[in-house]
Amino acid sequence: MAKAAPAEQLKLLELQGLDARLKSLSNRRRTLESDPRITDLEAALSVANGELGAAKLAVHDAEAELKRAEADVEQVATRIERDEAKLNSGTGLSKDLVALQKDIASLNKRRSDLEDVELEVLERLDVLRERQAAQQSIVDDIQGSFGGIRAELDAALAEVAAEETEVAGKRAGFAAGLDAGMLEVYEKTLARRGVGAARLFHGTSEGSGMQLSPGDLAEIKAASEDDIVFCPDSGCILVRSAEWV
């Protein structure tokens, strides 16, 4: 059976307190890192970005369609201008001039139709641009919320990290002054059980929160003061004191 002076064993409670604080900080860090608000915002942002991408594509397609419509109008206007110049020159046969007038009338009808198409595309483009702007606003709002929460979590994580460093430093310094054999037993117990040491207080193990059976309690009380004894339920080291009997 491993042994350590009673006064040394009492120090395990302070070491366990530091380890409990480190465990609490680790749990706090995991909670912060898995904050559901971040997950929800990431999902919302993914959807919003997808809809924004679709809105941008619709605007791009409409802009391309508008350019084609403008080019068609310009092409017909050029032909009208050329034909009107010929007609106004007065040169050519009468039948040719009549045909030219008919061609100009047809082209003007064609230009009117194309301008109607151009106007329809332009109006549709305005609607699509407004839709894109509204979707961009949604994305910006989500990103703003995301940034605010991320900054809040980063600040909290920085505080946790700073305290972890401080507590770990205290723990390392404190552990260095403990009995090496006792510390080895404690470290193995902590790794295996999750709790390294706890008080035995008025027959109750504070490691398990359970009242020890009369037989277990009698066996522990019969052990030498420098014997390292264990909780039969939690498996942690039980630290005894005459004041706690």
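Two strands pair if DSSP finds at least two bridges between them. Helices (H or I, at least four residues) and strands (E, at least two) are DSSP runs, numbered from the N terminus.

**Entry 1: basis.** I worked on a predicted model, in which local features need pLDDT of at least 70 and side-chain atom pairs count only at pLDDT 80 or more, while totals for chains, interfaces and linings use all residues. Residues are numbered from 1 along each chain as its sequence is written, and side-chain values use heavy atoms, with hydrogens and water left out.

**Entry 2: the sheet.** I looked up the strand order and found an open sheet of 5 strands, β3-β2-β1-β5-β4, with mixed pairing. The edges are β3 (210–211) and β4 (229–230); each has a single partner strand, so one side of each lacks a neighbour in the sheet. I then followed β1 (residues 197–201), which pairs with β5 (residues 237–239) in the parallel sense over 3 bridges. Opposite alanine 198 I found leucine 238 in β5.

**Entry 3: the helix.** I noted that helix α1 (residues 6–33) lies across β1 and β5 and runs at about 115° to β5. For this angle, axes are lines fitted to C-alpha atoms, for helices over the stretch in contact (heavy atoms within 4.5 Å), and angles run from 0 to 180 degrees between N-to-C directions.

**Entry 4: cysteines.** I searched the whole structure for disulfides (pairs of cysteine sulfur atoms within 2.5 Å) and found 0. The cysteine sulfur nearest to that of cysteine 231 belongs to cysteine 236, 5.1 Å away. That distance is too far for a bond.
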